[in-house]
Amino acid sequence: MKLILRIAKEELRQLFFSPIAWFLLIAFIALCSFSYYSIIEALSKWQDMLIENDSSFSGFHGGLSKSIFTESIYPRVFQHLYLFFPLLTMAIISKEKVAGTIRLLHSSPLKMRDVLLGKYLSLLVFALILVIIVGVFVVYGTFSISNVDWGYLVPSLLAMFLMSACYIAIGMYFSSLTVYPVISALATFLTLFILGNISSLWQQYDFFREFTFFLSIAGRAEKMILGLITSYDLVYYLSICILFLLLTWLRMQRSIESKPWSVTLLRHLVVIIPILFAGYLSMKPSIRYYIDVTTNKDNTIKAKSQQIISDLPKEKPLKATLYVNLFSRYYDRASPANRNEYVWGFWEKYVRFRPDIKFDYVYYYDVKDGDSTLFKNYKGKSLEEIALLQLEGRGNKSDFDRFISPDSIRKLGDYQDEYAMPFMTLESTGKSAIIRTFPDDTYWPDEMHVSSALRRLQQEHAPKLLFTTGNLERNIYKLGEREYYKHTIDRLFRLSLINFAYDVDSINLDTQEIPEGIKILAVADPKTELSSSKIAKIKKFADKGGNVALFGEPDKQMILNPLLDSLYTGVTLLPGRLIEVTYDEMPDHVIPLNIPSELVAIVPEPFPSIVEAIQKKTKIDSAGLYRKVVGATAMNYDQDNSEYAIRTLSQTQANRNTFLKRGIVVLDSLPPLFEPDRGDIKQPNFDVWLTLSKKVDDKTQRVSIHGDADVGSTLRVNPIWDLLPMYSWMTDNLFPVFITKDKRNDIFLNLTATTAGIQKIVMLYILPGLLLLFSIVFLIRRNRQ
């Protein structure tokens with residue numbers, strides 16, 4: 001060990017007598033300074049401006065630890081790190097051959113492993129210096145950011161050191177192969193380039209995909225930068241370091257002994273195969289280990305999701321099947337070549353808690369019945385011929401055998417409505433649920449979708465919702481502005497009910513009976529009088545404990561009022577239209593408040609954090625509870641004449657001077673006037689949304705009454721605020737599974753723009769300049785000696 005340390009000390013001394021080392025140090029400091037202060041200066045200026053001019057400013061809610069380090073300084077440092085070490089290692093061993101000192105080493109009692117480890121240790125010390133330089137900016141960050149999240153700062157330093165160790169080991173190996181430093185540096189650059197891009201090669205083949213993904217160094221530091229330390233990343237770095245150090249040792253040994261090529265080959269195989277196998281084995285889900293060091297465990301699914309996935313019976317496997325249509329515009333995102341993105345990018349956070357998830361893949365080609373678009377573009381071609389042409393255009397014609405025919409896919413299920421996007425089915429306990437991808441920037445479903453689907457597998461019955469038809473109600477199958485397609489069954493809209501594990505359909509109660517197992521019955525803005533038989537069926541459904549959602553509109557209150565009377569709600573939709581005269585909006589655009597305490601009472605999540613924000617008068621976060629309604633009717637209720645406990649969920653605010661206008665309202669002329677002699681009513685608050693509940697046998701029966709049916713229309717809908725709370729309440733808050741982000745505390749900078757500017761000048765210009773001057777003086781004096 002003493003010999004190794006002595007060699008390391010001598011190598012380190014020679015290293016700092018090299019102009020290259022000083023140049024790299026100065027360049028690295030400048031790189032870190034620029035990366036750090038370019039964002040710090042911009043954020044500090046922005047914060048100063050907001051504090052001075054915006055009373056509602058309450059911090060940078062995305063978290064400054066992540067935005068400054070994870071998204072700014074670390075990506076730039078890691079992106080340029082590979083440029084440094086090939087220049088340092090290119091002569092680390094070859095210089096001994098050029099100078100002839102290699103013979104002295106061979107004739108000395110030193111062993112080749114001592115020489116190798118000493119040189120490697122010296123370069124590790126240099127790498128540690130670079131890590132310390134970045135650590136200086138981490139220390140700056142802890143003083144500059146309030147309540148800094150260490151989980152986004154420290155693991156990246158570990159990743160940087162490990163990656164540097166890999167680069168050094170690779171560089172030393174190529175330095176041992178040649179006496180020409182330039183060739184060594186170029187070979188190292190080329191190897192790092194190959195390791196960085198090998199995961200894009202042969203990805204359509206299963207074996208090569210898994211093997212090249214393991215070998216790839218690209219993205220290895222990504223999880224650590226995000227604060228997640230994984231066992232397989234650590235094993236990978238150690239494997240690469242050990243592999244190339246052993247290869248270097250074998251190369252050095254060859255220079256002092258003569259062995260047949262077969263012995264040399266065997267030695268290399270004995271080194272390479274076990275190390276690669278051990279590294280590959282570490283990728284197996286059952287032996288992966290994770291440590292999420294971020295304060296809010298940002299890289300880990302929430303405790304609620306963990307509980308849901310753990311509640312699935314262990315003895316019954318959970319199977320996830322990916323269905324991909326060749327004719328989908330998004331085929332490439334889910335093709336075999338991108339399967340690693342699917343398994344490692346999307347599913348890994350769930351596999352972490354359920355390693356036995358079985359993955360299956362169904363690739364097919366088919367078009368929806370009646371869709372002739374492809375046949376118009378490929379005239380005279382059959383569907384099979386079109387599929388072959390598309391694969392040929394992608395250069396994967398040989399993959400056609402993995403695609404099943406239209407007849408085969410239709411035997412697996414009625415999936416025609418899913419053909420536009422890749423989708424997944426989850427199967428367990430004899431039940432199944434669909435999870436969809438979406439045509440937006442995120443593409444993959446989020447935790448709410450997955451957890452809702454997993455919970456559906458655990459329920460005896462899926463949450464079923466029926467919308468009545470036959471009286472010109474809002475239609476869930478039409479795409480128009482006033483219809484309900486978007487928030488109910490739009491498969492391409494993230495927030496639609498069908499994507500949160502609901503089954504949604506329509507029913508005509510004039511000709512049909514309400515089936516068993518229906519969780520919610522909705523009557524949305526009927527325009528003609530409801531028949532007595534329809535009212536009787538709705539009452540019978542409610543009397544058995546069924547939940548009812550009613551949506552009204554101005555000028556049609558008399559249609560829903562008989563139904564409200566028959567249900568003994570004690571609620572009456574008032575004649576007239578709510579008016580709120582403002583400078584910017586039309587008079588019938590009213591902005592009531594969804595009452596925070598009542599919202600939390602019916603749906604405990606995700607609204608407590610929003611309520612807390614309101615209590616602190618944080619307008620940015622509370623804006624979601626002030627919801628615009630367009631053309632709304634008001635309602636009143638008599639609790640004494642109701643069978644239900646009544647809550648007001650949304651009501652107008654006194655300070656907005658809202659009134660109820662009777663009669664015909666002309667909206668495109670002068671603002672309507674308040675005319676009490678014509679029956680207009682003005683009062684501090686008008687109820688716009690009521691929730692009613694009562695006990696029926698052993699369960700709670702619920703009714704929701706909303707005075708603006710446009711709340712669910714394609715034009716106006718914002719389900720996360722307006723409708724999902726109601727639907728969740730009516731399913732005992734089981735669906736959807738609300739997943740909320742934890743509150744971040746690192747949302748303020750502790751320095752001003754002036755302070756940041758001074759620090760930038762010191763770190764970006766003065767310090768590198770002084771270091772450059774010192775290095776010049778030091779090297780000149782050394783050369784004179």
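User: What makes Lys2, Arg6 and Lys9 of helix 1 count as exposed?
Analyst: Exposed means over 50% relative accessible area, buried under 20%, and partly exposed in between, with a 1.4 Å probe and protein chains only. Lys2, Arg6 and Lys9 are exposed and sit on the face of helix 1 turned away from its buried side. This is a predicted model in which local features need pLDDT of at least 70 and side-chain atom pairs count only at pLDDT 80 or more, while totals for chains, interfaces and linings use all residues. Residues are numbered from 1 along each chain as its sequence is written, and side-chain values use heavy atoms, with hydrogens and water left out.

User: Which residues of helix 1 are buried, and how do you know that they line one face?
Analyst: The buried residues are Ile4, Ile7, Ala8, Glu11 and Leu15. Seen down the axis of helix 1, they fall within an arc of 100°, so they line one face. The arc is that of the directions from the helix axis to the C-beta atoms. An α-helix has 3.6 residues a turn, so residues three or four places apart point the same way.

User: How do you know that the span of helix 1 agrees with its number of residues?
Analyst: The expected span is 1.5 Å times one less than the number of residues. For the 14 residues of helix 1 (residues 2-15) this gives 20 Å, and the end C-alpha atoms are 20 Å apart, which agrees. Helices here are DSSP runs of H or I with at least four residues, strands are runs of E with at least two, and both are numbered from the N terminus.

User: Why is Lys119 called buried, and what lies 3.0 Å from a polar atom of its side chain?
Analyst: Lys119 has 2% relative accessibility, so it counts as buried. Lys119 belongs to helix 7 (residues 112-144). The backbone oxygen of Ile92 is 3.0 Å from a polar atom of the Lys119 side chain.

User: Are Cys166 and Cys241 buried or exposed?
Analyst: Cys166 is buried, with a relative accessible area of 0%. Cys241 also counts as buried, at 9% relative accessibility.

How values were computed
Polar contact = N/O pair within 3.5 Å; in protein donor to acceptor, adjacent residues only side chain to side chain.
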